[in-house]
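This report describes a single protein chain through its sheet, its core and its charged side chains. Please keep the sequence and the model in view while reading.

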Amino acid sequence: MLRLAGPEDGGDLAAFLSRAAALDPGVLVRLRGGGGRVAVHARLPFGVPVSRTVGGEVEPADVTVAAADLLPALDTAGDRVVVPRPRD
């Protein structure tokens with residue numbers, strides 16, 4: 001479960017995932033939670049690592065998922081998002 005601190009965090013995360021998925025539709029993202037923040041990491045197709053941090057918590061605290069699977073869940077979930085099937 002991904003619990004976002006507020007709507008701005010969901011919008012920020014959706015923008016990050018959309019940009020990463022536009023460059024690589026199969027991109028995986030790693031979600032790492034702690035201290036009321038969730039760090040989201042991805043590697044772009046040309047080898048550049050990118051990350052974004054948003055307010056919230058994620059369980060499990062370290063999980064890798066497909067950006068294309070997480071993005072639609074953000075559109076409908078509000079502040080509580082079911083984390084898609086792990087890919088790690």
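What follows takes the model region by region.

## Basis of the description

This is a predicted model, in which local features need pLDDT of at least 70 and side-chain atom pairs count only at pLDDT 80 or more, while totals for chains, interfaces and linings use all residues. Residues are numbered from 1 along each chain as its sequence is written, and side-chain values use heavy atoms, with hydrogens and water left out.

## The sheet

Helices (H or I, at least four residues) and strands (E, at least two) are DSSP runs, numbered from the N terminus, and two strands are said to pair if DSSP finds at least two bridges between them. Six strands form an open sheet in the order E5-E2-E3-E4-E1-E6, with antiparallel pairing. Because E5 and strand E6 (80-81) stand at the edges and each has a single partner strand, one side of each is left without a neighbour in the sheet.

Within this sheet, E2 and E5 pair in the antiparallel sense over five bridges, and Leu31 has Val63 in E5 as its bridge partner. On the pairing of E2 with E3, six bridges join the two antiparallel strands, with Val38 in E3 as the bridge partner of Gly33. E2 and E3 form a hairpin with two residues between them, and Gly35 in the turn has a positive phi of about 65 degrees. E3 is in turn joined to E4 by seven bridges, again antiparallel, and Val40 stands opposite Arg52 in E4.

## The nonpolar core

A nonpolar core is here a set of buried Ala, Val, Leu, Ile, Met, Phe, Trp, Tyr and Cys residues joined through side-chain atoms within 4.5 Å; buried means under 20% relative accessible area, exposed over 50% and partly exposed in between, with a 1.4 Å probe and protein chains only. The largest such core has 25 residues, and those with the most contacts inside it are Leu2, Leu13, Leu17, Leu31 and Leu74. At least two residues of this core come from each of strand E1 (2-4), helix H1 (7-23), strand E2 (28-34), strand E3 (37-43), strand E4 (49-58), E5 and helix H2 (67-77).

Leu31 illustrates this well: counting as contact any heavy atoms within 4.5 Å, and leaving out residues up to four places away in sequence, Leu31 touches Val38, Ala39, Val40, Val58, Ala61, Asp62, Val63, Val65 and Leu70.

Thr64 lies in strand E5 (residues 62-66) and is buried, with a relative accessible area of 14%. Apart from residues up to four places away in sequence, Thr64 touches Leu28, Val29, Arg30, Arg85, Pro86, Arg87 and Asp88.

Pro60 is placed in the loop between E4 and E5, and the peptide bond from Glu59 to Pro60 is cis, with omega near -5 degrees.

## Salt bridges

A salt bridge is a side-chain nitrogen of Lys or Arg within 4 Å of a carboxyl oxygen of Asp or Glu, and a search of the whole structure finds four of them. In one, Arg52 is joined to Asp12, the closest N and O atoms being 2.6 Å apart; this pair links distant parts of the chain, with Arg52 in strand E4 and Asp12 in helix H1, 40 residues apart. Arg52 is partly exposed, with a relative accessible area of 27%, and Asp12 is also partly exposed, with a value of 27%.

Arg30 and Asp62 form another salt bridge (2.6 Å, N to O), and here Arg30 in strand E2 and Asp62 in strand E5 are 32 residues apart. Asp62 also meets Arg32 in a salt bridge (3.6 Å, N to O); Asp62 lies in strand E5 and Arg32 in strand E2, so the pair ties together parts that are 30 residues apart in sequence. Through shared partners, salt bridges join Arg30, Arg32 and Asp62 into one network.

## Asp9, a buried charge

Which side chain of opposite charge is nearest to Asp9? Asp9, in helix H1, is buried yet has no salt bridge, and the nearest such side chain, Arg37, is 4.7 Å away; Lys and Arg count as positive and Asp and Glu as negative, while His and the chain ends are not counted. The backbone nitrogen of Gly55 lies 2.9 Å from a polar atom of the Asp9 side chain. Beyond its neighbours within four places in sequence, Asp9 is in contact with Leu4, Val54 and Gly55.

Terms used: A polar contact is a pair of N or O atoms within 3.5 Å; within protein, one must be able to donate a hydrogen and the other to accept it, and residues adjacent in sequence count only if both atoms are side-chain atoms.
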